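Subject: Handover of a structure and findings

Dear colleague,

Please find the structure below, followed by an account of what was found in it.

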Amino acid sequence: MNSDQVATALDGAVAYVSQGLGSGIGWGCYSDWGVTAVYGEDSGLVAVAIDAMDGPLVRLRDVELIARVPSEVRSDIHDLARREGVSVRVNWSGDPEVEAWGVSMGATLELGLSPEGYVERQDTMVTNALIVGSELAADPYGSEPIIRRWDVRERDPNAGAWPVKAEQERLRWDWTPLESIGPLRFGMCPSQVAAALNEEPAARRGRYPYGGPWEGPGEWILHADRFDTAGVTAHYSCGRGHPPVLGAVTVDGRTGPQVEFDGIRLIGMPVSAVDAALTQHIEDREMGLVIGCGGDLGPDGLNMYVRAARAGDTAVSEARFCRAEWEDHG
């Protein structure tokens, strides 16, 4: 099917967010239906992503795939795979993927409505799915054109387990807004960050520029270092003639140190509880509330955002602490 045929099949749906529709490789997000369609070089449909909250309830044989508890779907998929004699593997997100069916499962944070009618984060994960044709089934997220829409190569792969460190096992870090978090001061170079944590990074993320004169062709740019023992990720800002310096720190919700904000524990807690406590604190003091990417909440002017980290079927809170000039983009 081409994009016109897809729109017709969806009762004339409009792709409110799209790229390259009708010109070969491209994609269209049909938000009213909760699906994203991906097209190959000949403008033919090659994959469909089903949203957990707004998408249709897709059934594979007798297994409902969408908007369910991830571990329950995983169990049902393995049972069906045994009956049909097909193999199940684990994809980049730690969820089941079956080449024979062209199915790659995923999960996202569940959202709900507050009594006042506002969207609010829950503490549970619900399933979504990527459905692909046979030509992409061997490696859905590593194949063109999927990789142009969802590039997961720099995301930390998960083996299918989400251990959460107990509260009593976590270090306690102090936070000075816009200046420092624990032993890390904003403006440190990468070697100083590693020395302060007494740990070498387990993984580094960066990119090569496109060769523009403002950055310098071929110069690899460091974006982030992940420190597994400390349970933090250091994010760097840099540019041509400016070496990387620490601009933000994400404290991992599952394994990172505990950090408090005016008595509110920010790390490893139920996301809804932290959101409620933070919102009440801000209202009581007539402060401003900032909503970042993915619904992350933070007090205005402090450049701190409470985020959600998956812990299997549930989510726990984590936080990103930034210097004043850092713009958080997720």
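**Backbone features in the loops**

R61 counts as partly exposed, at 48% relative accessibility (buried means under 20% relative accessible area, exposed over 50%, and partly exposed in between, with a 1.4 Å probe and protein chains only). This is a predicted model, in which local features need pLDDT of at least 70 and side-chain atom pairs count only at pLDDT 80 or more, while totals for chains, interfaces and linings use all residues. Residues are numbered from 1 along each chain as its sequence is written, and side-chain values use heavy atoms, with hydrogens and water left out.

R61 is not a glycine, yet its phi is positive, near 55°. The residue belongs to the loop between β5 (59–60) and β6 (63–64); helices (H or I, at least four residues) and strands (E, at least two) are DSSP runs, numbered from the N terminus. L178, also not a glycine, has a positive phi of about 70°. L178 is located in the loop between β12 (175–176) and β13 (180–181), and is partly exposed at 30% relative accessibility. A cis peptide bond, with omega near 0°, runs from E144 to P145. P145 sits in the loop between β10 (119–132) and α3.

**Overall form**

The secondary structure comprises 5 helices and 24 strands. The protein has a radius of gyration of 21 Å, close to the 20 Å that the globule rule gives for 330 residues, so it is as compact as a globular protein of that length. Here the radius is taken over C-alpha atoms, and the rule is 2.2 Å times the number of residues to the power 0.38. Along the principal axes, the C-alpha atoms fill a box of roughly 55 × 50 × 40 Å.

Of the 330 residues, 45% count as buried. The protein exposes about 16,700 Å², of which carbon and sulfur atoms supply 49%; accessible areas come from the Shrake-Rupley method with a 1.4 Å probe, and for residues only the protein chains shown count as cover. Among contacts between residues at least 6 apart in sequence, 45% join residues at least 24 apart (contact means heavy atoms within 4.5 Å).

**Helix α4**

In helix α4 (residues 190–197), the buried residues include P190, V193, A194 and L197. Seen down the helix axis, the buried residues of α4 fall within an arc of 95°, so they line one face of the helix; the arc is that of the directions from the helix axis to the C-beta atoms. S191 and A195 are exposed on the other side of α4. N198, just after the helix, takes a positive phi of about 55°.

**Salt bridges**

There are 22 salt bridges in the structure, a salt bridge being a side-chain nitrogen of Lys or Arg within 4 Å of a carboxyl oxygen of Asp or Glu. One of them pairs E64 with R59, with the closest N and O atoms 2.8 Å apart. E64 is partly exposed at 26% relative accessibility, whereas R59 is exposed, with a relative accessible area of 57%.

E167 and R265 form another, with their closest N and O atoms 3.5 Å apart. E167 lies in the loop between α3 (146–149) and β11 (172–173) and R265 in strand β20 (residues 264–265), so the pair ties together parts that are 98 residues apart in sequence. R265 is partly exposed, with a relative accessible area of 35%.

In the salt bridge between R204 and D225, the closest N and O atoms are 2.7 Å apart. This pair links distant parts of the chain, with R204 in strand β15 (residues 203–207) and D225 in strand β16 (residues 221–227), 21 residues apart. R204 is partly exposed at 47% relative accessibility, but D225 is buried, with a relative accessible area of 1%.

Salt bridges that share partners also join R121, D275, D296, R307 and E318 into one network.

**D296 and its surroundings**

D296 occupies the loop between β21 (289–291) and β22 (297–299) and is buried, at 5% relative accessibility. Leaving aside neighbours within four places in sequence, D296 is in contact with R121, V290, I291, Y305, V306 and R307. D296 and D275 are 21 residues apart in sequence, and their C-alpha atoms are 8.8 Å apart in space.

Yours sincerely
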